[in-house]
Structures are given as C-alpha cells and as structure tokens.
Amino acid sequence: MSEVLNNIKTRRSVRNFKEEQLTGEQLDHIITAGLYAPSSCNNQYWQFTVVQGVEKLELLQSAISKAIGVTNYHRFYNAPTLIIVSTPREYELGAFDSSVALENIFLEAHELGIGSVWINQLIGNSDHPEVRKVLQLLKVPDNHVAWGSAALGFASVVVTNDRENKGVVVYA
Ligand SMILES: Cc1cc2nc3c(=O)[nH]c(=O)nc-3n(C[C@H](O)[C@H](O)[C@H](O)COP(=O)(O)O)c2cc1C
C-alpha cells in the first residue's frame, strides 16, 4: 500500500484533545498542506485563520452557541487549535475549495501524529451578529463566509480505526 493510501485509510476523526499545543513547525506544515490544495481555476481565494488560546476559542464557542441556539455546545472538543477556512461570500465554489483544503489539513495532521476533526457549525452562521463580531476580532474579512473548520490537537483518547465503507463503487 502506498504511504498516501495508508495515511488516508488510517485517519479518523478525533473528538477529545489534550491541552498540549502544536509546535510552530507542525502548524506550518499543516497550513502548507492546506495552501497547496487544488482550487477551481487555481483561484486560492481562501483565508486560513488560525485560532489558538482558550479565551479566543471560548469567545467563538459562545457566539456559535447563540447562533445555533444550543447552550452546551462543546468548545471544539477542547482542541487547542482551530483553523477556520473562509472565502469571499460571492465566490460560489468556496465550499468545494475549502473542503479539499481541509482534507489536506487533516491528512498532514494525521501524518504528524496530530488528531483532527471537521467542525461544521460556522457554515451558514458567519453573518450571525454575535459570530461576525468574533470573526472580526479573529481577522476574518467581513466579506468572507466561513466553511468547515479544523479542530487540531493531540488525541486524549484512543481512536479505533474501524470503519465500514458505505460508498457505492460502479465500474460502468
Ligand atoms: C461536511 C462535514 C461536516 C462534518 N461536521 C462535523 C461536526 O460538526 N462535528 C464532528 O464531530 N464531526 C464532523 N464531521 C466529521 C464526520 O462525522 C466524520 O468524518 C465521519 O463520521 C467519518 O469518520 P472519520 O472521519 O473518523 O473517518 C464532518 C465531516 C464532514 C465531511
């Protein structure tokens, strides 16, 4: 099996993280993986916003809680780092470009022994007033909408690798 396929097959979402922070070098590699993702027409309209520090993460968590109307929304499973991927509001392919960038991020993180999971709750909520206030503080441009985000850190639980594949493959 190729190293790439092995990496893809052994990555699993992690939903419980230690406090330990990523090193600058690890973060740099992970961001580079995102930056090198394919994008439509090589537009690369994305911004990768790295959020670290409990205070900022809690501000965002609290704003998301209000936007989605949930009082006990988790703080990104206690991940020490969150990378928000955003693109200009009017760019209709932003979700696709952001998704492939996120997969690159997840795979590079996994290669480095770092756990990750997609965080979905910013989608459709970037323009909620409470969320926008925090996005402004985090330097996400006002004309950007956030797509998926990557919660990143070291797993504090053992994640089993079991996965049943349900996708359909047809050789036509
Ligand atoms: C579009 C999308 C949205 C997702 N949203 C969340 C989320 O908000 N919270 C979460 O814990 N996992 C989320 N996930 C992760 C999936 O639940 C996970 O990838 C799936 O269950 C397969 O498990 P695996 O990643 O361990 O292979 C999301 C994944 C995708 C692709």
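I began with helix α2: the face turned away from its buried side carries the exposed residues Gly-24 and Glu-25. I note here that the model is predicted.

Next I listed the buried residues of α2, which are Gln-26, Leu-27, Ile-30, Ala-33 and Gly-34. They sit on the same side of α2, because the arc they cover around the axis is only 120°.

I moved on to Gly-113, which I found in the loop between α4 and β3 (115-119). Is Gly-113 buried or exposed? Its relative accessible area is 52%, and exposed means over 50%, so Gly-113 counts as exposed. I also looked up its separation from Tyr-36: Gly-113 and Tyr-36 are 77 residues apart in sequence, and their C-alpha atoms are 20 Å apart in space.

Last, I turned to the largest pocket, which holds about 210 Å³ of space. I wrote down its lining as Ile-8, Lys-9, Arg-11, Arg-12, Glu-103, Asn-161, Arg-163 and Asn-165. Sorted by class, I have 5 charged, 2 polar and 1 nonpolar residues in the lining of this pocket.

Conventions:
Residues are numbered from 1 along each chain as its sequence is written. This is a predicted model: local features need pLDDT of at least 70, side-chain atom pairs count only at pLDDT 80 or more; totals for chains, interfaces and linings use all residues. Side-chain values use heavy atoms; hydrogens and water are left out. Buried means under 20% relative accessible area, exposed over 50%, partly exposed in between (1.4 Å probe, protein chains only). Helices (H or I, at least four residues) and strands (E, at least two) are DSSP runs, numbered from the N terminus. The arc is that of the directions from the helix axis to the C-beta atoms. On a 1 Å grid over the protein atoms alone, a cavity is a set of points where a 1.4 Å probe fits but cannot get out, and a pocket is an open set with protein on both sides within 12 Å along at least five of seven lines; lining residues have an atom within 4 Å of a point. Grid points are joined across faces, edges and corners, and a volume is the space filled by probe spheres set on the points. Ala, Val, Leu, Ile, Met, Phe, Trp, Tyr, Cys and Pro count as nonpolar, Asp, Glu, Lys and Arg as charged, and the others, Gly among them, as polar.
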